[in-house]
Amino acid sequence: MSLVNTRRQAPILRLFWLLLICWAGLAQSLYATHIRAGEITSRRTSGTALSYCFTVTLYTDDTSPVESFELVLNFGDGTTGTASRISQVRLGNLTTVNVYQVCHTYAGPGVYRVFFVEENRNAGVLNMSQSVNTPFSVESQVVIDPFLGINNSPILLAQPIDLACIGQRYTHNPAAFDPDGDSLSYRLTIPKRSGTETVVGYLDPADVTPRGSSEAGGAPSFSINPITGTITWDAPNVPGEYNIAFVIEEWRGGVRVGFVVRDMQITVTDCRNRRPEVIVPNDICVPAGTRIEEIIRAVDPDGNRIRLTSEGGVYGSLIQPTRATFTPGATQPQNSPASATFVWQTNCVHIRQEPYQIVFKAEDEPPPPQSRRLADIKPWRITVVGPAPTNLTATPSGRNMILNWDSYSCTNASELIIWRREGCSDWIPADCEIGVPPERGYVEIGRVSANATTFTDLTTLKRGVRYSYRVSATFPAPAGGESYASNEACMAVAIEAPVITQASVIQTGTNDGRINIQWIRPPEGTFTPPYRYELYRAEGLTGTDYALIQTINDPTGAQANFNFEDTGLNTQALAYNYQVRFFSNAGTVEEASDPASSVRLEVAPAPSSLRLVWRYEVPWSNVGTRHRIFRRIGGNFVQIDEVEARAGNEQVYADFGTFGDERLINGQQYCYRVETIGTFSNPVIPVDPILNFSQEFCAIAVDTTAPCPPILALDSILCEGFNERTPLRNRLSWQKVVTGTVGGRQCADDIDFYTLYYSPTEPGEFVELVRTRDLNFIHDNISSLAGCYEVTATDLSGNESRRSNRVCQDNCFQYELPNVVTPNDDQTNERFRPFPGYRFVESVRTTIYNRWGSVVFTTNDIEINWDGKTNNGTPVAPGAYFYSAVVRFITLRPEQAVQELKGWIELIR
């Protein structure tokens, strides 16, 4: 009921409303309406791991008649505490910052959501309904977990009160700094009015009408960078005050260890001014000990003077022993172009996994009447990396290797990691290539204390293969961090035995298969001829049940290379393993070669493809080389692709039929061979590259495995904040499910496209809405939000997955009627009609009765529009009337669509 609908009631009603108005005014004066922005941060105290001090920072409107000297904080464990105001500073622009603090000790580990609800927001916020009557609430999360260690919330160094201009892109960055070195991520959220409720009628700032356009002429947008936290509004169009909220989440080892929510205010004006531009360097990584010195520049398109400022944790007291400086900074404005110098002498205590973010701001100072200042904000990220360990050397010791290096320069390192790969590497770490990335082919073989300077690789190393070693350092949690990799030490053990250089399948067959074997004499060592070589064979990749198959005598010892073709083999079903034993003049076995197997290929049907797997056990290295894939086409084997070999003795390739743009045909047989390419990377072994073919393997393409059904999500609509300005659109997103089993059925992830299905009702018939390769879709240009959605995934062979989970949305329907009508020609309440703002009403059948139950008026008009007359136009007498309105809503569930509203009407003339 609105006040205007009762303006001509009886004197007793007038008195009631007068008292209500007076009470409301008194309540308003007691319940202040002044909060613009704020957040809660936390700091663990030194006394106990369960004790935290909380700081509440509130930015208030100076025009408020009431000031709060205390506020109540909910600690998330069922208790509350009173935070006292410890400081108050006026910032100008009718804004004051108030800081409150309170400490609390928790009973034990847990996840605690800390929040407060305090007074009301300032009036006139454009993107929420009735901000003047809306309480202000923010929250943060404290995670107490002994396994995660200590944790302090991030510190927000930039103030949450900012200015923007109509038609110009606006940017802001909170300049968050985490003192523990945790990773920070950012996302937008809806401002809150209580610990559990969001504000009513909230709109994305870009959705406030009229919407305008971006600087480039497209649709306006409002977003936050999830990594840097930079907020971008491109571009405001309606002057006034806006409030937004965003979450800053802390992550440690992939686990969320807390968050802070900031609620901030942006004031948009028609500036008649253009913003300056600040120019920052590219993000960098530097080894600890580097002195960073960069000139930051800014220009103003209108030639206005510029004030350059900077915020970041690198300037604070937590950065020891050397903080960064920025000069001249904000001491005075400069002529455009302006410049200031950033200097930071880094050292080992600054090393951490996450980058330091420094925010630079260029703010112009235009002359009157363009007095509204504009700013440009850009972040710069610096990662301080541990310096590389130095002077690494490798010395063979039999079949082992002894490593030595200098004492590590950073004494705060936690340990050193030893890495090894087969074959030398020309890799030089790039500026931000930290540690030893797995794609470089190295594997970790050991860890030692940070003050160690030696390590012995006790693995029985292959003869002939040169092994590359690296050392890197790690740093303790929670900040973590790694060093650059050391220099390479590449060395091979002595080769005092024959070396097999080939075991290649020449022909595939069950009893006529052939394999060609090649080897060289011992490249190192001193032996006396005559020499004898015995070639042994065993079945299987790693078989050891050797049988002698050939003896070769070399009376003079002059023969360097040997070749033998092994025939009569079942190469179709088996792999074979070979070893060469070497005899000198004494007639005893001096040494045996490292064994080498043939390449064993297997092919099997896979979703939309044929999956090739080949294995081998060989003394040379295949890491980093490119193996060639051959398929029989028109009677001949044709190379269709190549793949870089990864570490290990197994390689995988999937043929999706992309060669020649001809997809594989279900039911058709395809035959393959693989050629491996290896190397010893050793100058004493003259054979390079080392080439070996697998046997031929044929398989039939059979793909009946559908993809896994995706997981579908639909952004919910908050009906409490829904109004006529809320855009009608349903935002859907889905997740791809990896290969596995769903509902007892095997499924795969080889997805070509997704199909989204839609039904306007539940239950209802689903129809195809769209096909897309994206993982999200906005269903807009709709007249109703009601509907259900399902999504499927279809692979390259046309197999469609089962339907995903079903998600549904209903309309925020509303239809309310007043109880007073005054058809007296004063242009107020002339007709009985619904309150404005109703939506999703399909039809209304209204009947109005007098006090004796006789029908005086009926209509099918949704607006009703009863003017106090009967259907034939005869005015009715003043007094009480009753109505019945049968309303059919547009809703998800048709059986719930019809509601009957009954009530009374006071007709006053």
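Predicted model: local features only at pLDDT ≥ 70, side-chain atom pairs only at ≥ 80, totals over all residues.
Proline 328 sits in the loop that links strand E21 (325–327) to strand E22 (338–345), where strands are DSSP runs of E with at least two residues, numbered from the N terminus. A cis peptide bond joins threonine 327 to this proline 328, with omega at about 0°.

Residues are numbered from 1 along each chain as its sequence is written, and side-chain values use heavy atoms, with hydrogens and water left out.

Two asparagines also deserve a look. Most residues other than glycine have a negative phi, and most peptide bonds are trans. Asparagine 391, in the loop between strand E24 (375–385) and strand E25 (393–397), has a positive phi near 55°. Asparagine 865 has a positive phi near 60° and belongs to the loop between strand E59 (855–859) and strand E60 (879–889). Asparagine 865 is partly exposed, at 21% relative accessible area (buried is under 20%, exposed over 50%, partly exposed in between, with a 1.4 Å probe and protein chains only).

Further along, four strands make an open antiparallel sheet in the order E53-E52-E55-E56; two strands pair if DSSP finds at least two bridges between them. Strands E53 (767–772) and E56 (807–809) are at the edges with a single partner strand each, so one side of each has no neighbour in the sheet. Strand E55 (residues 787–794) pairs with E56 in the antiparallel sense over three bridges; tyrosine 789 has valine 807 of E56 as its bridge partner.

The whole structure holds two cavities of 30 Å³ or more. On a 1 Å grid over the protein atoms alone, a cavity is a set of points where a 1.4 Å probe fits but cannot get out, and lining residues have an atom within 4 Å of a point. Grid points are joined across faces, edges and corners, and a volume is the space filled by probe spheres set on the points.

| Cavity | Volume | Lining residues include |
|---|---|---|
| Largest cavity | About 50 Å³ | Trp233, Arg211 and Tyr242 |
| Second largest cavity | About 30 Å³ | Arg463, Asp594 and Ile500 |

How values were computed:
1 Å grid on protein atoms, 1.4 Å probe; cavity = no way out; pocket = protein on both sides within 12 Å on 5 of 7 lines; lining within 4 Å.
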